Every structure is written in C-alpha cells, then in structure tokens.
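This briefing goes through selected local features of one protein model. Please keep the sequence and the structure open while reading.

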Amino acid sequence: MGRVSLRGIRKRYGAVEVIKGIDLEVEDGEFLDFVGPSGCGKSTTLRMIAGLEDISEGELWIDGECANAMRPADRGAAMVFQSYALYPHMTVAQNMGFALKMAGVGRAERDEQVRHAAAILRISDLLDRYPKELSGGQRQRVAIGRAIVRKPKVFLFDEPLSNLDAALRVNMRIELGRLHDQLGTTMIYVTHDQVEAMTMGDRIAVFNGGVIEQLGTPMTLYKRPANEFVAGFIGAPRINFVDRPPADASGQAGATAAHHALWDALAAPAGAQRAGLRPEHLRVTDAAGGVPASVELAEHLGDSSILHLRVDGVAELLHAKVLAASDPIEAGQVVGLVADPQWTLGFDAGGKLVP
C-alpha cells in the first residue's frame with residue numbers, strides 16, 4: 001500500500017545538481033529516517049516525493065504507480081512541516097477537516113474522521129479551541145491530525161519537532177512512535193538530529209552532499225558505519241578519530257610517543273590509516289595506568305560525565321563518557337586513557353571502513 005521507490009532520482013537548479021542520483025526502496029509500513037547536515041539534500045528529496053519539487057531525472061514510484069507527473073494531491077502522501085501552518089481563525093476541528101472540505105467530503109463524514117484522528121492523537125478535548133490557545137506540542141498534534149484525516153499511503157515529516165523545546169521533543173518522539181505502531185502507515189521522517197533518527201526509525205538513510213552515504217538500521221550504522229562521515233555523524237558525543245602516527249615515530253619523545261602509544265592501544269585493523277573509537281569505549285584511569293592525557297573540559301551530567309581530552313601529538317580532542325564518581329575529574333587534571341580495542345573501527349586513506 002505505501003511502498004515508495006526512488007530510481008536514479010536527480011535534482012538540478014540550473015547547472016547546480018543538488019541530488020546526485022538516489023536509489024532507494026521504502027517498504028510498506030516502514031518508518032524511515034532521512035538524516036544529515038544542513039544542505040545535504042534530505043528535505044529536497046522529501047519534497048520531490050511530495051510533489052512540491054519537480055524531479056529533474058529518474059523515476060518516483062508510489063504504491064506501484066509512477067508518480068513523476070502526478071499532482072501532489074493525487075500521490076497519497078501527506079506532509080507535516082516544521083511550521084505548524086494552522087489557520088488562526090479556524091478551530092482545531094476546522095483546521096483538521098479543511099482539506100476534506102476542499103475535497104468535497106460531506107460534513108458528517110468529515111466530522112467523523114476528525115473525531116477519529118483526534119482520539120488517536122489524544123486531543124479530543126481541544127477540538128473547539130483556536131491555535132492561539134494551544135501549546136507548541138498541541139499545535140504539532142493538530143498538524144499531524146490534519147494529515148491523518150486524509151488517510152494517506154505515506155506520511156512525510158519535515159523536521160516537525162525542531163520548533164519544540166527539549167522535553168516536548170522527547171514526548172513527541174514517543175507519540176510519533178506510538179502513532180506509527182497504531183496506524184502501520186509508511187512514514188519518512190527528515191531530521192538533522194541524529195538522536196531522533198537513532199530512537200525513531202526502523203532504518204536510517206544518511207545523506208551527504210546529495211547522495212546517500214549509507215542505509216541501514218540504527219545499530220548497524222552505529223556499530224559498522226560505512227565510512228568516516230557516517231561514523232562521525234551518528235553518535236553523541238562524537239566518535240574519536242586518531243590518525244596513524246608517522247612510520248618513524250617510534251622511540252621519539254613527547255607528543256609523538258603518546259600518539260604512538262595510543263595507536264598501539266587502539267589496535268586498528270591492518271591497512272587502516274585512521275582509527276575510530278566511541279567515547280563509551282575509552283576508559284579513564286590514573287595517569288600511570290594508560291596513555292597520558294590532559295582534561296581540557298569536563299561536562300558533568302549527573303549520572304555521567306563527558307571528558308574532553310588532549311593527547312600530545314593527536315590532532316583532535318578525544319572524548320570519553322564515564323560514569324559519575326564521588327570525586328569527579330575536573331579540567332586541568334592529567335589522566336590515563338585505556339582503549340577497548342574490540343570496538344575499534346579502522347578507515348582507509350579514502351575514509352572507507354576497513355573490514
């Protein structure tokens with residue numbers, strides 16, 4: 001019912017190509033996340049699926065039909081935007097039922113569908129209110145309800161939670177997950193927040209520069225990223241990267257010796273020119289018990305602390321996530337770092353994962 005297929009999709013604005021050939025199969029009933037930095041092409045791809053952007057090249061298929069020439073209203077896709085875009089002079093019920101009214105749906109059927117959607121979203125008590133009387137989370141529910149009443153084959157979400165505060169975003173993530181379980185409808189969700197992507201999607205498509213770098217389950221992307229870009233984008237705090245030290249570094253003092261010791265501790269795969277290790281797999285001990293590192297910043301989060309560390313000779317700051325202690329580590333201290341090499345990832349000179 002809600003299968004979406006992108007075959008060689010490209011998008012050009014004049015001579016500038018922003019989507020550079022995307023092949024993607026979205027399964028019926030799947031919750032798929034598009035994630036990536038600003039300007040990577042994820043929202044443009046979503047808008048092409050919705051029919052809000054023309055496709056320069058390639059084919060879009062929705063539910064077994066080529067949709068390139070279809071009007072947006074005929075595609076069976078309903079879009080929820082970052083902006084709630086509610087009509088201020090209409091009640092919640094009127095906002096939710098407006099598209100049905102424009103489609104010629106009768107009053108009784110329209111009211112029934114609005115009530116059904118409101119019950120799903122738990123906003124039945126808000127139907128007589130106006131948008132100005134609602135919180136941000138309530139307004140977003142109304143915007144989602146407006147999409148539900150259309151009974152689409154595919155829901156398209158374009159960063160719908162970015163205008164909400166942190167607590168509301170968490171609540172709405174839970175609500176959207178519940179909604180997907182209840183409706184079973186295909187959902188494609190665009191976000192730049194990799195935490196949202198990790199916690200909400202069945203699969204994640206990581207966009208970068210108009211292409212999909214990797215497509216897979218959240219834990220596959222976390223544990224076996226295809227390349228340095230995916231490894232660095234997925235995960236918070238960011239993964240640690242350490243370059244292979246120069247071949248003649250062994251035996252030299254100071255920064256190079258520490259760099260070499262850290263590389264040895266990481267035990268990167270043969271052929272790797274760069275190693276990656278997640279912050280939770282970098283243990284902190286006393287200065288004599290590991291590779292010496294100075295603490296440049298300590299962020300205490302209550303149950304845990306994020307330490308930002310400098311190792312002499314290593315170009316980038318390293319990050320370690322440690323459990324909270326009664327005597328917390330503070331900036332300025334010198335500690336020892338111990339790597340857990342079973343979690344080390346290796347990348348070749350081109351940035352690709354070394355098997």
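The model is predicted. It holds 1 cavity of 30 Å³ or more, and 7 aromatic pairs are counted. A cis peptide bond is present between Ala236 and Pro237.

**Cavity**

- The largest cavity has a volume of about 50 Å³.
- Its lining consists of Asn240, Val242, Leu262, Leu266, Ala275, Gly276, Leu277, Leu282 and Leu318.
- Strand E11 (240–243), helix H9 (255–266) and strand E12 (274–277) are the elements that each give two or more residues to this lining.
- Strand E12 contributes the most, with 3 residues.
- Sorted by class, the lining of the largest cavity has 7 nonpolar and 2 polar residues, and no charged ones.

**Backbone geometry**

- The cis bond between Ala236 and Pro237 has an omega of about -5 degrees.
- Pro237 sits in the loop between helix H8 (228–233) and strand E11, and residues of E11 also take part in the lining of the largest cavity.
- Arg122, a residue other than glycine, has a positive phi, near 60 degrees.
- The loop that holds Arg122 runs between helix H3 (107–121) and helix H4 (136–148).
- Arg122 counts as exposed because its relative accessible area is 53%, over the 50% cut-off.
- Glu159 is not a glycine either, and its phi is positive at about 45 degrees.
- Glu159 belongs to the loop between strand E7 (154–158) and helix H5 (166–183).
- Glu159 counts as buried because its relative accessibility is 15%, under the 20% cut-off.

**Aromatic contacts**

- Phe31, Phe155, Phe157 and Tyr189 form one aromatic cluster.
- Among the 7 aromatic pairs, Phe155 and Phe157 are stacked, with 6.1 Å from centre to centre and 20 degrees between the planes.
- Phe155 is buried at a relative accessible area of 2%, and Phe157 is buried at 0%.
- Phe157 also pairs with Tyr189 in a tilted arrangement, with 5.9 Å between the centres and 40 degrees between the planes.
- This second pair links distant parts of the chain, since Phe157 is in strand E7 and Tyr189 is in strand E8 (residues 186–191), 32 residues apart.
- Tyr189 is buried as well, with a relative accessible area of 0%.

**Charge over a ring**

- Arg278 lies over the face of Tyr222, at 4.1 Å from the ring centre.

Terms used. Residues numbered from 1 in each chain as written. Predicted model: local features only at pLDDT ≥ 70, side-chain atom pairs only at ≥ 80, totals over all residues. Heavy atoms only, no water. 1 Å grid on protein atoms, 1.4 Å probe; cavity = no way out; pocket = protein on both sides within 12 Å on 5 of 7 lines; lining within 4 Å. Points joined across faces, edges and corners; volume = space filled by probe spheres on them. Helix = DSSP H or I, 4+ residues; strand = E, 2+ residues; numbered from the N terminus. Nonpolar A, V, L, I, M, F, W, Y, C, P; charged D, E, K, R; others polar. Buried < 20%, exposed > 50% of the residue type's maximum accessible area, 1.4 Å probe, protein only. Phe/Tyr/Trp six-rings, centres within 6.5 Å; stacked < 30°, edge-to-face > 60°. Lys NZ or Arg CZ within 6 Å of the ring centre and 35° of its normal.
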